[in-house]
Amino acid sequence: MLIDILLLISLFSVALSLLFKWTKTIGIILSIINIIGLLFSIALAYKVTHGRPICSFDSTFYADSLSAFMTLVIELISALSSVFAVRYLVNELRMQKDLKVKISRYVVLTQLFIFAMLMAVLVSSVALMWIAIEATTIVTTFLVGFKSNRKALEASWKYITICSVGVGLAFIGTIFFYFAETHLNGHVVAANSISLDWVSLMHNAKGLNPQLIKFAFGLIVLGYGTKAGLAPLHSWLPDAHSQAPAPISALMSGVLISVSFYAILRFKAITDIALGRWFSQDLLLIVGLLSLFLATSLLISQKEVKRMLAYHSIEHMALIALGAAAGTQLAVAAVLLHILGHGLVKAILFLVTGEVAITEGTTEISKLKSLLNLRPILGGIFGMGMLALLGLPPFSLFISEFTMMKSEAAVGLGWVVAITLVLMAVIFAVVINHSRHILLKNNEGENSDSQLAAPSKRKLKTSKITSVSLIVGLVISAFIGIISVPLQGLLLSAAKVITG
Amino acid sequence: MQLYQATYLSAGCALLFSVIILWRKEIKAMIYSLALQGIALSAIGITEAINKSNYGLGQVGLETLILKGFVFPFLIFKVYKNSSSKRDLQPLINTTASMVYASVFIAISFVSVGRLPYISGNPVFKLAPFGFAVLLIGLFILITRRQVISQMVGLIVFENGISLISLLVLSQLPLLVEFGESFDLLLVVVVLRVLATTIHNEFLKGDLAEMKGLHD
Amino acid sequence: MSLFGSVTSLLQILFVLLMAPLLNGIMLKVKSRAERRVGPPILQTFYDLRKLFKKETLRSNNSTFIFTLAPLILISSTVVVIVVSPIITTGELFNGSGDLFAIVFILLIGSMSIALLGLDAATAFGGMGSSRAATITSLSEPALLVSVIALSVQAKSTNLSVIVLGNVHHVSWLLSPSHILAISALLIVIFAEAGRLPVDNPATHLELTMIYEAMILESSGENLALVKLSEFMRFTFLLCIASNLFFPFGIDSTKSWIFIGISCILLAIKLIFIVGLIALFETTQAKLRLFRVPELLAGAFVLAILATISGIVV
């Protein structure tokens, strides 16, 4: 029942945005609907944590605590970004009057995007999940190219080609899982008697042919890993996330990549039963360490805030992959907490950057100076967000990173922890340096006339609603970090879905 | 027994057409080969449907025929008509080397997929490496070509490889999934078409080499 | 060797010897007709050869014994492969000696001799032609060998007679992907080896593009006639093999004289048909630029690899 309501709410907002031309009122209504969706997802999470997994529609949809958790993350960040989207779109309209049609399309696609992500985590069939994830690629392509300048076009072209390839590989992986299921325990099973849902896959996992599963899981990690921004097919991510409008970047960086990782986690659970833990561990370690190296080395030379944040997303997905490699219940719980914390903080940072782009007219690091002085609230949120992203207490990222590393060390992956810490220290130094530049650098120096050059932009006020919602987000993150009690039950039971 | 021959033949043709697409430089020839590849795929679906007297598989074959034999090539052809370039003259890797790579890909797919359990023994499953080779060649085209249209063609060859594998290995996916997948694919191609047209208007000749705004 | 074997071998030589100039004439005729010209008579190639044989052989002062020897090696290598291959019959020719590898390498001896001929007179064009021909041969040879392997996979033998016989008995082999791919690779290689379009244009003497003609530029009289004749014979031979591999029906496998007669006639019809197609194809084709030729041959190589692998798998 709750699943139906959640999906219906999402569908309703799609319909609403389809039927009405976008105005500020519609935007506000949409964000209220999204917040209602968030409330329902909390209800779902509560119900599933304290009861059995629920199904609906002839068990087409299925929610255990893992899906409920992902729903929560999706709804949380879409609520956050839809509040900011009002602000962003009003500003776009102010800049260019003839954007009405385009903006209406933008809103429809955004709502479809959220709907597709919800579908991806709530359907029970592996293949339907694949369809939903592919659908997210399709709808977000135009969103990435929203600005329709050269760079945005380039980014969206790269995005759709690379992600289609990745997701296509994942489809073959899915096919081979299915194929393995038709040869259960070495006996040929009629294809139409097999259902492709998680429950039956988990149930049959012991009888799946190990060699087929190895091949299939390799493709799954490569494929969904592409969509999750993991190496080696990660190159679309910095482009797409930096070119998309801020609310979309927030959604993509905050949840979309985690939704793909959710798919990997699900398949990992099956693979672990079929093969034992070592195979998925090795694979995720390779992918995770490679991504971490790449993200670190490329992060150093970034000149633009959104791009820097995008590389940061790769880094965090790598951390998540490493945590998942450890594979104990505690580690997976920490991974999920990290997904939530990273999603929240990254969304906030992208939104703040969007706000900065609106008020300051640029997101280039070298041009942004003494933000803390000029716009104390915005600068403060940005600074706190950065600290949160770097994994400082009291924010939840600290807890999750700490727990992940602890569990990695506990399963004998101490060397991974060492490498991770070194690379994170490098990132820490780089990001602190950039942030110092953006927030504190004294303005009065040689470039004082550049400020005079753009006086009109200076007049723009920081939007109050945005600031408030972002601060609320930060507070939530800190709150989760300090006392994770309300989430603990959900996290542990979700992790149990993976670890069995 | 004779019908297996038809399946073998179509699978061979599908792979052959992907090699031809890699080989040719005229975009028109690439598009025609793509259409023929789609037809070869649908032939597999239909012969398998007759072989196994499986009604659903026949539907899949027909759908493949319509989508991959006609709709996709047609959509690409529209982009082609819109563009000014007739040839993709400078792939990142020259054609001779590409051919050698193609043979390496074919070998790889036979060594990897062909050795999987249950694949090698079955008269139909053992064709799965063909699909994997088509997929790898498609990926290679996508990576090494610099024009928008050729990249589109590469992506569709890649997707053809996927559907070749799924046609051969699975007698049938649930129809919902099958159609959902095709629908997604159709949307991808439509989106690509729109993007390609925009890119053609924005960039000279749709040469992606000019896209240097974003890189590290 | 039995009487049958000797007679059929002689018949094969005779057949190819007669068909080769005839086919060339037909090709010229079809081409001219396709271009709306009247064209030379079909027997023109015979006349040309007769004229060349009558003419005096001129020799450059720089040339060596290779100059006289090369055409002889060429023609004798051609005759040898004709004798051992199943052209009009799969019966006991030089039994067991019709090995595909042997045939390929004997043909190669011919190619090598003509390349030496080009070098021998020490002219610029000859050397250029030889170097180009050597390049092309070195590229087409792997493709040829691999496609031979592909063909031998199904029959489990590299003996050409066994392969052709297998094709006659198992019609399904003909449509197997392996067979089709191998044949397409083989056709490309045949075009390259025979110096036809789109690799080389036998009708021009354009110094920038010519390959084969450059090598025989210095030859004249009997020498030239021998070279030309064996060139036609090689082409005809390759076409015979291709047609026997691809569409072997009608080839004699019963060792009866009547069937050999029928087989001769059928093969002649098939050859004329193929040659007509080639001529039409050539009118629509432009010559590839020289640096594109490797692409074509690399393509043939991939096809051959494909053929081999799918032959092993399927």
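Select chain B: of its contacts between residues with a separation of 6 or more, 73% are between residues 24 or more positions apart. What you are looking at is a predicted model. Colour chain B by secondary structure and you will find 7 helices and 0 strands, so from the N terminus on the pattern reads α-α-α-α-α-α-α. Along the principal axes, the C-alpha atoms of chain B fill a box of roughly 50 × 35 × 30 Å. How does the radius of gyration of chain B compare with that of a compact globule? For 216 residues, a compact globule would come out near 17 Å, and chain B has 17 Å, which agrees. Of those 216 residues, 57% count as buried.

**Next, chain A**

In chain A, 60% of the 500 residues count as buried. Among its contacts between residues at least 6 apart in sequence, 81% join residues at least 24 apart.

**Where the chains meet**

Show all the chains together. Which chains share the most contacts? Of the 2 pairs of chains in contact, that is chains A and B. Chain A and chain C do not touch, and their nearest C-alpha atoms are 19 Å apart.

Start with the contact between B and A, where 33 residues of chain B meet 35 residues of chain A. On the chain B side, highlight α5 (128-144), α6 (148-169) and α7 (175-202), each of which supplies at least two residues. The helix that gives the most to this side is α7(B), with 12 residues. Colour the side of chain B that touches chain A by class and you get 21 nonpolar, 7 polar and 5 charged residues.

Then move to the contact between chains C and B, which takes 19 residues from chain C and 22 residues from chain B. On the chain C side, the elements giving two or more residues are α8 (177-193) and α12 (293-313). The largest share of that side, 12 residues, comes from α12(C). By class, the side of chain C that touches chain B has 14 nonpolar, 4 polar and 1 charged residues.

In soluble globular proteins, nonpolar side chains tend to be buried together. Here the largest nonpolar core has 360 residues, and those touching the most other members are A:Met117, A:Leu336, B:Val19, B:Ile137, B:Val153, C:Ala185 and C:Ala304. Select residues 150-182 of chain A to see helix α6, which gives the most to this core, with 20 residues.

Now centre on B:Ile137. Which residues is B:Ile137 in contact with, leaving aside its neighbours within four places in sequence? They are B:Ser18, B:Val19, B:Leu22, B:Ala102, B:Phe105 and B:Val157.

**A helix with one buried face**

Go to helix α20 of chain A, residues 464-482. At 1.5 Å a residue, its 19 residues should span 27 Å, and the end C-alpha atoms are 27 Å apart, which agrees. Its buried residues are A:Thr466, A:Ser469, A:Leu470, A:Gly473, A:Leu474, A:Ser477, A:Ile480 and A:Gly481. Look down the axis of α20(A): the buried residues fall within an arc of 140 degrees, so they line one face of the helix. On the other side, A:Lys464, A:Val468 and A:Val475 are exposed.

**Two leucines to finish**

Select A:Leu368, in the loop between α13 (329-360) and α14 (371-374) of chain A. Is A:Leu368 buried or exposed? With 23 C-beta neighbours inside 10 Å, A:Leu368 counts as buried. Not counting residues up to four places away in sequence, A:Leu368 touches A:Val356, A:Glu360, A:Thr362 and A:Ile438. Draw a distance from A:Leu368 to A:Leu440: these residues are 72 apart along the chain, and their C-alpha atoms are separated by 9.8 Å.

Last, pick A:Leu11 in helix α1 (residues 2-19) of chain A. A:Leu11 is partly exposed, with 14 other C-beta atoms within 10 Å. The C-alpha atoms of A:Leu11 and A:Gln111 are separated by 8.0 Å, although the two residues lie 100 apart along the chain.

Methods
Residues numbered from 1 in each chain as written. Chains lettered and ligands numbered in written order. Predicted model: local features only at pLDDT ≥ 70, side-chain atom pairs only at ≥ 80, totals over all residues. Core = buried A, V, L, I, M, F, W, Y, C linked by C-beta atoms within 7 Å. Buried ≥ 20, exposed ≤ 12 C-beta atoms within 10 Å, placed from the backbone. Helix = DSSP H or I, 4+ residues; strand = E, 2+ residues; numbered from the N terminus. Contact = placed C-beta atoms within 7 Å. Expected span 1.5 Å × (residues − 1). Arc of directions from axis to C-beta. Nonpolar A, V, L, I, M, F, W, Y, C, P; charged D, E, K, R; others polar. Rg over C-alpha atoms; globule rule 2.2 N^0.38 Å.
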